[in-house]
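This report examines selected local features of a predicted model. The sequence and structure follow.

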Amino acid sequence: MKKPIFRVFVNYTISSKKRVRKTKGSIDTFVLTDDINEIKKDKELINRICYVNKKNPHDVEIIIDGVEIENQYGETLDRF
């Protein structure tokens, strides 16, 4: 079954569990749903944010400040 692919802009805040300092940023990425609550809980998105910022997901807390869904960019391939 094909799933739609959406392009999203995510604004986030990273706070370390060991320090007081917080870092803000934004990422342009693709997700498979347009539900904002599911996007905020998506483990792949959180891992991607940690990878871009060179952080370990276990050492930081990521707060999604805002999600802007641009539009649908296509569908996944149905190979099987």
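**Contacts of Thr-33**

Which residues does Thr-33 touch, not counting residues up to four places away in sequence? They are Phe-6, Glu-38 and Ile-39, where contact means heavy atoms within 4.5 Å. Thr-33 lies in the loop between β2 and α1; helices (H or I, at least four residues) and strands (E, at least two) are DSSP runs, numbered from the N terminus. The side chain of Thr-33 also reaches the backbone nitrogen of Asp-35 at 3.2 Å.

**Helix α2**

Helix α2 spans residues 43–52 and has Leu-45, Ile-49 and Cys-50 buried (under 20% relative accessible area with a 1.4 Å probe, protein chains only; exposed is over 50%, partly exposed in between). These three lie on the same side of α2 because they cover an arc of only 140° around the axis, taken from the directions from the helix axis to the C-beta atoms. Their cover includes β1 (4–16), β2 (22–31), α1 (36–41) and β3 (60–75). The face turned away from the buried side carries the exposed residues Lys-43, Glu-44 and Tyr-51.

At the N-terminal end, Asp-42 caps α2, with a side-chain oxygen 3.5 Å from the backbone nitrogen of Glu-44. Lys-54, which follows α2, has a positive phi near 55°.

**Basis of the values**

Residues are numbered from 1 along each chain as its sequence is written, and side-chain values use heavy atoms, leaving out hydrogens and water. In this predicted model, local features need pLDDT of at least 70 and side-chain atom pairs count only at pLDDT 80 or more, whereas totals for chains, interfaces and linings use all residues.

How values were computed
A polar contact is a pair of N or O atoms within 3.5 Å; within protein, one must be able to donate a hydrogen and the other to accept it, and residues adjacent in sequence count only if both atoms are side-chain atoms.
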